[in-house]
Amino acid sequence: MATTLRDAFSVTRFSFWAGALVSSLVGSLLYLFTARSIEGDAEARFISHARHAQSVINVRVKSYTDLLRATGSMIQSTTVLTHKSFHEFVTGLDLTRNYPAIDYINYAVLVPKAQRDAFVSGLSRDVSQIFGTPVDLNISPPGIRSSYLVVSFIEPAPPGARYFGVDLMANRYFGNQLSEERDRGTIFSAGSPIQVLSQPNNIYLGMRMPVYREGQSVETVEQRRAAYTGSLGVAFSVRKLLHGVMDEIPIGGLRMTLYDVGPGLDAQGRDASHKLLTLFDSHGTPADPTPPLDAGDDTFSVTLPIDFNGRLWKTIYSVPKSALYTSFDGYYPKLMMAFGFFGSVLLYALLHTLTSSRRAALGLAREMTSELRESQAKLQLSHQKLRRLADHAYQIKEMERKRIAREIHDDLGQSLLALRIDAELLAARTKGTHSHLHKRARATLQQIDTTIKSVRQIINDLRPTVLDLGLSAAVEWQVNQFQRRTGIQCDIQDDHGEIALPDHCATAFFRILQESLTNIVRHANATRVKVELRLNGGWLSLTVRDNGCGLPPGGRNKYGSFGLVGIEERIVILGGTCAVFSEPEGGTTVMVSAPVVGGPEPALSTQQEQGSGSAVI
C-alpha cells in the first residue's frame, strides 16, 4: 500500500512539473510570437510611411524638373529674350510660394570669342537698367577663350549684381559636364554642392538643361552643338526641398538622411576623400551637420533610392521602435504570455484529469471485468455442478424406479403368482362339489388377475421392462401404447433396427419420447404424430413431429412449465443438442441429438439385482 501511494505521489509530482514546463514553453512561444508580430506590424507601418515620404520627394523633384522645362520652352519660343520678359515670367511663377526651395533661376548665354566685347557692353547696359545704377561688368574669370557660357539672366536678381558675367565653362570639371549636357540634350543634375550658397546641413544643388534655337534640328550631336544657345539652370536648397516631408509622417523621432551616390561617388555615397556626401540630415545641426546614423536592435531603418534626373540619391529613414509602439503594445505580449501559460495550465489540467479519469475507468473496467469473469467462472462452475447434480438426481431416480420395479416384480409378483395358483387350485377342487365356494374362488381369481395387471402397469410406469430389449423396441412399444390410449395416429420411422446403447442413454431418449408425447396430449390438439429414430456418424437423433396448433409466443418460457426444460437438460447432460420449433403450416417439432459412441457414462453404476423375472411380467 505504501509503495502504491509513493508511486502515485511520484507520478503526480512528475505531472505537475511536466505541466508547468509545457505551460511555460507555450507562454514563452506566445510571447515571442506576439512580440515578433507587433514588431513586424510596426516595421511594416514604418516602411509604408517611409515610402510615402519618398513618393512626396519624387513628386517635388518632378515639379522642379517641370519648372525647368517650362522655363526652357519659354526661352526657346522667345525671339529676343530681354531681362524684363525673363523677370516677368519668373515673377509670375511666384517661386517663394510654389517652389520655395529654388533661390535663383539663371540663364547662361553662349558667347563666341568674336562677340565677347559687344556682349559684355550690352550686358553691362542691361544690368545697369535693372539696378538703376551704372554697373561695369566683365566676364569672370578673365581670360581669352574660344567661347564663353556667360550667366546673363538671374531671377530674382541677386544684390550687387553678383553672379552676372560668370563664365560657367571656365571651370574645367563643370564645363565638361555642361558640354556633355549639351551633346546629350538632357537635364543635368550637379553632383557637387554650390559652394557660394551652401552652408552646413543646408546644401544647395544645381540643375541645368541645354537650350537650343527654335526650329533647328537636334537629332545628332553636331546638330545639337550647332543649335546650342545656352544653359538654363536653377539653384535650390535641399533642406527647403525636403521641408514639410517629415511633417507628413505621423511618427515621432523619425530621422531622414539623404546621400548623393551618383557618378564620382562610391556606392556608399563617399567621394574621393572617402567622406559621405550628406545632402540632408533631419537631425543635423550647424555644429554637427552629419551625426552618426542610428543603429541597433531598438531601431527600425530602411534605405530607399531617388532618381534625381539620372543622378542616384539614397534616403535612409530610421526611427526608434518605441515610437511606433502604443502603450498597449508593451503589455500585449505579456498578456499573451500569461494567457498562454494559464490557458495551457487549465488545458493540461483538463487533459490530465481526463487521462486520470480514463486510467481510473480502465482500471475499474479491468477490475469489473476480472470480477465478472470470476463470477462467470463461478457461475459456469455452479451451472456444471447443478447439471451434475441434476444428472445425479436423474440417475438416482431412474435407478430407484428400476429397483422398485424389480422389487415389485420379484416380491409382490411372486406373492400374487403363488396366491393365484392357490386360488386356481381351490376353484378347481370346488367346481363340482361346492358351487358356492367355487363361485367365490373364481371371483378371487379374477381379482388376483386384475391386481396382477395393475402391478404390471405400475412396473411399466416405473421402468418398462421392454427397455431391456433395446431402445427401438421400447420406442415402438411406447408409441403403440400412446396410439392405443389416445387414438392419435402415429407413424414410426426407424431404418437401423436395434441400436446398441448404454442404459443411461437409452433411458434418457425413452424419457424424452415420453415427455414429448405427454406434451402433445396436453397442449397440441394433434391428430397425427410422426416419430423418427436415426443413427448417423455416431450421433443418435430422435424427432417427434405433430400436426397440432404449435407453440404459442413465449410458450417455451412459460412459468411453471418444465417439460421442455427437462428435455433440454436431459440431452445436454448427454452432451447433445435440442431444437424445438413450430412448423409454418402448424405443428411442433422436437429434435434431439446426442453422441452414442464414447458418450459420458452415468454418474452411478447400476446396482445388480438378484432374482429372475416371473410370469407376471
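A: The account below begins with the chain as a whole and then turns to the aromatic rings. The model is a predicted one, in which local features need pLDDT of at least 70 and side-chain atom pairs count only at pLDDT 80 or more, while totals for chains, interfaces and linings use all residues. Numbering runs from 1 along each chain as its sequence is written, and side-chain values rest on heavy atoms, with hydrogens and water left out.

The protein chain contains twelve helices and 14 strands; these are DSSP runs numbered from the N terminus, helices being H or I of at least four residues and strands E of at least two. Of its 617 residues, 39% are buried, where buried means under 20% relative accessible area, exposed over 50% and partly exposed in between, with a 1.4 Å probe and protein chains only.

A pair of aromatic rings is described by the distance of the centres and the angle of the planes. Here, rings of Phe, Tyr and Trp (its six-membered ring) pair if their centres lie within 6.5 Å; planes under 30 degrees apart count as stacked, over 60 as edge-to-face and the rest as tilted. By this rule there are eleven aromatic pairs.

One of them joins Phe-46 and Phe-300, which is stacked because the ring centres are 6.2 Å apart and the planes meet at 20°. Phe-46 belongs to helix 1 (residues 2–77) and Phe-300 to strand 8 (residues 299–308), so this pair ties together parts that are 254 residues apart in sequence. Both partners are covered: Phe-46 is buried at a relative accessible area of 1%, and Phe-300 is buried at 3%.

Strand 8 also supplies Phe-308, whose partner Phe-236 lies in strand 5 (residues 228–237), so parts 72 residues apart in sequence are tied together. The geometry of Phe-236 and Phe-308 is edge-to-face, with 5.6 Å centre to centre and 65° between the planes. Phe-236 is buried, with a relative accessible area of 0%, and Phe-308 is likewise buried at 2%. These two residues belong to a cluster linked by ring pairs, together with Tyr-64, Tyr-99 and Trp-313.

Charged side chains also meet aromatic rings. The charged end of Lys-314 sits over the ring of Tyr-259, 5.5 Å from its centre, and Arg-182 lies over the face of Tyr-228 at 6.0 Å from the ring centre. The rule requires NZ of Lys or CZ of Arg within 6 Å of the ring centre and within 35 degrees of the ring normal.
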